[in-house]
Amino acid sequence: MNINLPNFNVKNLVKEAGSTISRVVQLTEEKLGTTERTEYDLHFQNLAERADVTKTWTEKIVRDTESVLIPNPQNRVEDFIFEKIEKSKPKRLSNLEHLALDMIEAGGDFGQDMPYGQALIKVGQAEQKVGQCEHDFIATSGICFTQPLRKFLDGEMKTISKERGILETKRLDLDACKNRVKKARSMLGQQSKDGISPEAVLEQAERDLRVAQAEFDRQSEITKLLLDGISTSQASHLRHLHAFIQTQVRYYKQCGDVMDQLQRDLANLGGPTPYAPLDLNDASKSNSAGGASAGHRGAGNNNTSSGHGQKPNQSIPMHVNVDQMQRARVLCSYDAKDHTELNLSANEVIFVTECSPVNEDYMYGKQGLMKGLVPRAFVEMLDEEQEVPL
């Protein structure tokens with residue numbers, strides 16, 4: 001029976017074992033402070049420190065980004081396993097898409113001809129679109145940002161760590177050779193041991209030192225070149241970061257467009273309690289206007305006649321300062337004629353301010369979180385002079 005055994009080189013094994021023992025002894029003596037060690041130059045130390053910082057923060061950024069994109073840790077682990085075995089990731093519905101399906105199903109059961117059922121279906125369909133936008137955002141962000149950064153960690157950073165480990169081994173060998181040279185020099189003038197003269201021992205030790213120094217210098221240059229490449233990698237990471245931000249901007253823009261369309265659809269449904277669209281653009285403009293609102297109101301007073309007997313044109317944005325509203329009491333109940341108006345109940349207190357341009361028949365009102373037009377004849381100002389902060 002023939003058995004093929006590995007061809008071990010005993011001499012190499014003994015040599016490697018001796019080198020390993022020598023490194024362990026050298027490292028132990030360095031930890032105890034009983035021997036000197038070769039220090040890396042300042043430039044190399046700065047490069048190494050920058051590489052360590054880059055690795056640490058890149059790992060954190062990748063981990064945090066993946067947590068944002070896929071909040072469920074179990075799903076992240078599952079995706080990681082499928083990626084390692086090179087199989088396609090499972091398609092799963094997000095919480096938003098589950099909500100959308102339930103809303104659509106509930107709207108069908110409540111009745112598609114009923115206001116609440118119609119609204120549920122509209123909202124569910126919009127949430128489905130947002131969910132699809134979310135899927136596209138997650139996939140694109142992985143391609144343009146997290147995957148390149150993870151590839152950098154698994155490729156360049158692992159190579160740098162490997163070469164730095166080899167350099168540290170060469171450094172330990174170099175210091176061990178230096179110690180052997182010192183010991184051999186201290187033995188000069190003494191009797192030969194084991195038939196080898198102290199001069200021969202010193203000559204061999206110096207020869208080993210020259211070899212160790214050359215290997216250390218060569219490995220040091222290789223490692224420096226790799227560490228210098230970190231700057232190029234960071235420039236590449238900056239491009240990936242820009243791509244990630246562009247992906248985010250497109251995602252939020254798509255979501256905003258879907259919500260704007262949903263507001264229009266809900267407003268067109270009408271019903272007993274029509275939806276009043278929230279115009280974030282007008283709100284931001286009014287907040288940024290600040291003290292300039294007085295100028296708008298003054299200009300509007302000169303053109304009051306243009307608004308007599310007509311509701312403000314909703315195609316023209318109204319500029320109102322919601323920070324300077326006044327309290328008003330509703331004289332009698334009022335049912336909104338369309339989505340631009342508020343439903344009013346008798347004796348309730350709301351906040352109102354003038355439209356810009358000023359309109360003779362309508363004011364701009366705030367009722368809790370709801371905002372819209374209020375007929376001027378249905379309200380009575382409670383404090384004409386005092387401004388109430390909201």
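Tutor: One term before we start: contact means heavy atoms within 4.5 Å. Also, this is a predicted model.

Student: Fine. What covers the buried residues of H6?

Tutor: The cover includes helix H2 (42-69), helix H5 (115-186) and helix H7 (230-269).

Student: And which are the buried residues of H6?

Tutor: Pro-198, Leu-202, Ala-205, Ala-212, Phe-216, Gln-219, Ser-220, Thr-223, Lys-224 and Leu-227. An α-helix has 3.6 residues a turn, so residues three or four places apart point the same way.

Student: How many residues does H6 have, and how far does H6 reach?

Tutor: Helix H6 spans 198-228, which is 31 residues. From first C-alpha to last, H6 reaches 44 Å. That is close to the 45 Å expected at 1.5 Å a residue.

Student: Let me zoom out. What does the secondary structure of the chain come to?

Tutor: Nine helices and five strands. Along the sequence the pattern is α-α-α-α-α-α-α-α-α-β-β-β-β-β.

Student: What share of the residues is buried?

Tutor: Of the 390 residues, 31% count as buried. Buried means under 20% relative accessible area.

Student: And the accessible surface, what does that come to?

Tutor: About 24,900 Å² for the chain. Carbon and sulfur atoms hold 55% of that surface.

Student: What about contacts: how many are between residues 24 or more positions apart?

Tutor: Such pairs make up 70% of the contacts in the chain with a separation of 6 or more.

Student: On to the strands. In what order do they form the sheet?

Tutor: The order is E4-E3-E2-E1-E5, in an open sheet with antiparallel pairing. Strand E4 (370-375) and strand E5 (379-381) stand at the edges. Each has a single partner strand, so one side of each is left without a neighbour in the sheet. The twist averages 45° from one strand to the next.

Student: How many bridges join E1 to E2?

Tutor: Four, and the two strands run antiparallel. Arg-329 has Val-349 in E2 as its bridge partner. Gln-326 is partnered by Val-352 in E2.

Student: How many join E1 to E5?

Tutor: Three, again antiparallel. Val-330 stands opposite Val-379 of E5.

Student: Which residues of E1 are on the covered face?

Tutor: In strand E1 (residues 326-330), Gln-326, Ala-328 and Val-330 form the covered face. Arg-327 and Arg-329 are on the uncovered one. In a regular strand the side chains alternate between the two faces of the sheet.

Student: What joins E2 to E3?

Tutor: Three bridges, between E2 (residues 349-353) and E3 (residues 362-367), which run antiparallel. There, Thr-353 stands opposite Tyr-364 of E3.

Student: Loops next. Where is Pro-357?

Tutor: In the loop between E2 and E3. The peptide bond from Ser-356 to Pro-357 is cis, with omega near 5°.

Student: And what is phi of Asn-347 near?

Tutor: Phi of Asn-347 is near 75°, a positive value in a residue other than glycine. Most residues other than glycine have a negative phi, and most peptide bonds are trans.

Student: Asn-347: buried or exposed?

Tutor: Asn-347 counts as exposed, because its relative accessibility is 54% and exposed means over 50%. The residue is in the loop between E1 and E2.

Student: Back to the helices. Gln-263: buried or exposed?

Tutor: Gln-263 is buried, with a relative accessible area of 13%. Its place is in helix H7.

Student: What does Gln-263 touch?

Tutor: Tyr-275, Pro-277 and Leu-278, leaving aside residues up to four places away in sequence.

Student: Last topic, confidence. What is the mean pLDDT of the chain?

Tutor: The mean is 82, and 81% of the residues reach 70 or more.

Student: Which element has the lowest mean, and which the highest?

Tutor: Helix H9 (residues 293-301) has the lowest, at 44. H2 has the highest, at 94.

Student: Where is the pLDDT below 50?

Tutor: One such stretch is residues 291-308, with 14 contacts in the model beyond near neighbours in sequence. Residues 385-390 are also below 50, and that stretch has 14 such contacts. Where pLDDT is low, the predicted coordinates should not be read in detail.

Methods:
Residues are numbered from 1 along each chain as its sequence is written. This is a predicted model: local features need pLDDT of at least 70, side-chain atom pairs count only at pLDDT 80 or more; totals for chains, interfaces and linings use all residues. Side-chain values use heavy atoms; hydrogens and water are left out. The expected span of a helix is 1.5 Å times one less than its number of residues. Buried means under 20% relative accessible area, exposed over 50%, partly exposed in between (1.4 Å probe, protein chains only). Accessible areas come from the Shrake-Rupley method with a 1.4 Å probe; for residues, only the protein chains shown count as cover. Two strands pair if DSSP finds at least two bridges between them. Axes are lines fitted to C-alpha atoms, for helices over the stretch in contact, and angles run from 0 to 180 degrees between N-to-C directions. pLDDT is the predictor's confidence in each residue, from 0 to 100.
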